Amino acid sequence: MKVLVINCGSSSLKYQVIDSDTEHVLAKGLCERIGIDGKMTYQPAGKDKIKYDSPMPAHRQAVELVLKQLTDPETGVLSSVDEIDAVGHRMVHGGEKFACSTLLTDEVLKTVESFNDLAPLHNPPTLVGVEACKELMPSVPMVGVFDTAFHQTMPPEAYIYGLPYEYYEKYGVRRYGFHGTSHRYVSRRAADILGKKPEDLKIVVCHLGNGSSISAVDGGKCVETSMGLTPLEGLIMGTRSGDIDPTCIEFIAHKENLSLEEVMNIVNKKSGVLGISGISSDFRDLDEAAKNGNARATLALKSFCHSVVKYIGSFVAVMNGVDAIVFTAGIGENDDIIRSAIIDHFGYLNTKLDPAANQMHGEERIISTPDSAVSVICIPTNEELAICRDTAEIVTKKLVEDAVKEVLSK
Ligand code: ADP
C-alpha cells in the first residue's frame with residue numbers, strides 16, 4: 001500500500017510517500033511559506049533534492065503542488081494520484097477522545113475541531129490540511145494519528161492538575177502530553193533492540209528537539225509525561241520556558257507593562273535556552289559559544305541538562321525503577337556532549353556511558369557499557385513511519401470489513 005504522510009503546520013506542510021509493505025520512503029519533501037510566497041522542496045529516493053519557488057496562497061495549493069510533483073513525468077515517483085491508497089495525517093490534539101489512531105470520518109473531524117481551544121496554534125492547520133486532501137482525493141481514506149494519543153494511558157493522579165476539579169470537568173484542563181507518536185515508536189523500538197517485550201520494560205524516553213519532552217513508559221504504556229495542557233510545560237526547551245512559577249507571568253506583565261498574550265508569546269517563543277543565552281535556540285550554536293567561553297550559553301546548556309536530569313530522576317521514582325533511558329530527536333540523536341552530561345548524573349543507578357559508543361550522530365546504537373545496570377540507547381525517531389504503519393493497518397482493516405459487508409449483503 002502507498003501511503004502519503006502529511007504533517008501540516010500553520011505555514012508549512014511536510015510530506016512523505018511510503019510503501020507500507022517495504023517501509024521504503026519513495027519521496028519526501030516540504031512546502032514552506034504557505035500563504036506568503038511558497039517554497040517547495042522535493043526529494044525522490046536516491047536522487048538529488050529539488051528546490052523551487054511556487055505560489056501557495058493556502059494549504060490546498062500546497063497539497064495540489066505536492067500531488068503534481070509526485071506524479072511529474074520526469075521526477076515523480078507515482079504514475080498517477082490514484083496510486084495513493086491512503087493518507088496519514090499527523091494530528092496534534094485528540095483530547096480525551098482519541099487514545100489511538102483513527103479513520104478521519106466527518107464525525108471524527110468535528111470532534112477534533114472541538115479541541116481547537118486546547119491547541120489553537122497547532123490543531124487548526126492540521127484540519128485545514130485534512131480538508132485540502134479530502135477535496136483533492138475525495139475517495140482516498142484518511143487516518144489521523146494524534147500526538148496526545150499515546151499519553152492517554154496516564155493514570156488520573158498523573159494527569160490531574162492541583163486546580164479546582166470543575167475546570168477539568170468543564171473545560172478539560174489537565175495534562176495531555178505531546179510527541180506521543182515519537183514516544184511510542186521509540187519505546188517499542190527500544191524493546192526490539194533489547195530483545196524484550198515492551199510489557200517487561202520500564203523505559204524513560206527523552207525526546208529532545210526544538211520542543212522537548214520526556215515520558216515514562218512502564219510495560220509498554222505511558223504513565224507520565226513532562227508536557228501538559230499545551231507543549232509549554234516541562235523541560236526548558238529551544239524557545240519555551242518549560243516549568244515556571246505561574247506567578248512569573250503576572251509579575252512580568254506588571255513590571256514590563258505587557259498584556260497576558262504578550263507574556264505568553266515571550267514564554268513560548270523567546271524563552272528557554274534562547275532566552276537564557278540571548279544567542280540561539282539551536283544547540284549547535286550554544287555548544288560552539290560555550291566552547292568559546294560564553295557564560296550565558298554555558299548556563300543555558302547546564303540548565304537544560306539539569307531540567308532533563310530532574311525529570312528522568314522523578315520518572316524513575318514514578319515507575320519504581322528503570323531498565324532503559326532512550327534519547328531521540330535532534331538533540332538526543334546528535335549531541336553527544338549533552339547525552340554525556342545527562343547520563344553522568346545516573347551513577348547512583350549504576351548507569352555507565354560508553355564514551356566511544358557515544359561519539360556518534362544520528363545512529364541507532366546502545367551507548368551504555370555492557371555492565372551498565374540501565375541500558376542507554378540512541379534511537380532516531382521516525383514519526384512518519386509510525387503514521388504510515390497505523391494508516392496502513394486501519395485502512396486494511398476497513399477494506400476487509402467493507403469486503404465482508406458486501407459479501408454478506410449479497
Ligand atoms: P523539531 O522539534 O523541530 O522536530 P528536531 O527534533 O529536528 O526539532 O531538533 C532540532 C534541534 O536539534 C535543533 O534546534 C538543534 O538544537 C538540535 N540539533 C540538531 N543537530 C544537532 C547536532 N549535530 N548537535 C547538537 N544539536 C543538534
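Tutor: In this predicted model, helix α2 (residues 106-113) and helix α3 (residues 123-136) have axes that come within 10 Å and cross at roughly 160°. An angle over 145 degrees counts as roughly antiparallel, so α2 is roughly antiparallel to α3. The crossing in which α2 passes α3 is left-handed. On the α2 side, the residues in contact are D106, L109, V112 and E113, and in α3 they meet N123, L127, V130, E131 and K134. Sorted by class, this contact holds 4 nonpolar, 1 polar and 4 charged residues.

Further along the chain is another pair. Helix α10 (residues 283-291) packs with helix α11 (residues 295-319) at an angle of about 125°, and their axes are 8 Å apart. Angles of 65 to 115 degrees count as roughly perpendicular and those over 145 as roughly antiparallel, with the rest, apart from those under 35, called oblique; α10 and α11 are therefore oblique to each other. As with the previous pair, handedness can be stated: α10 passes α11 in a left-handed crossing. The α10 residues F283, L286, D287, A289 and A290 meet A297, T298, L301 and F304 of α11. By class, the contact of α10 with α11 has 7 nonpolar, 1 polar and 1 charged residues.

Helix α11 also packs with helix α13 (residues 336-343), at an angle of about 50° and with the axes 9 Å apart. These two helices, α11 and α13, are therefore oblique to each other. Here α11 passes α13 in a right-handed crossing. From α11, the residues L301, F304, C305, V308, V309 and I312 take part, and they meet I338, A341 and I342 in α13. The contact of α11 with α13 divides into 9 nonpolar residues, no polar and no charged ones.

Strands come into the picture at a pocket. The second largest pocket has a volume of about 360 Å³. Its lining consists of 15 residues, and those that lie nearest its centre are K14, Q16, K28, G29 and E384. Four strands, β1 (2-8), β2 (13-19), β3 (24-32) and β4 (39-44), each supply at least two residues of that lining. By class, the lining of the second largest pocket has 5 nonpolar, 6 polar and 4 charged residues.

Definitions and conventions. Residues are numbered from 1 along each chain as its sequence is written. This is a predicted model: local features need pLDDT of at least 70, side-chain atom pairs count only at pLDDT 80 or more; totals for chains, interfaces and linings use all residues. Side-chain values use heavy atoms; hydrogens and water are left out. Axes are lines fitted to C-alpha atoms, for helices over the stretch in contact, and angles run from 0 to 180 degrees between N-to-C directions. A crossing is left-handed if the near helix is turned anticlockwise from the far one by less than a right angle, and right-handed if clockwise. Contact means heavy atoms within 4.5 Å. Ala, Val, Leu, Ile, Met, Phe, Trp, Tyr, Cys and Pro count as nonpolar, Asp, Glu, Lys and Arg as charged, and the others, Gly among them, as polar. On a 1 Å grid over the protein atoms alone, a cavity is a set of points where a 1.4 Å probe fits but cannot get out, and a pocket is an open set with protein on both sides within 12 Å along at least five of seven lines; lining residues have an atom within 4 Å of a point. Grid points are joined across faces, edges and corners, and a volume is the space filled by probe spheres set on the points.
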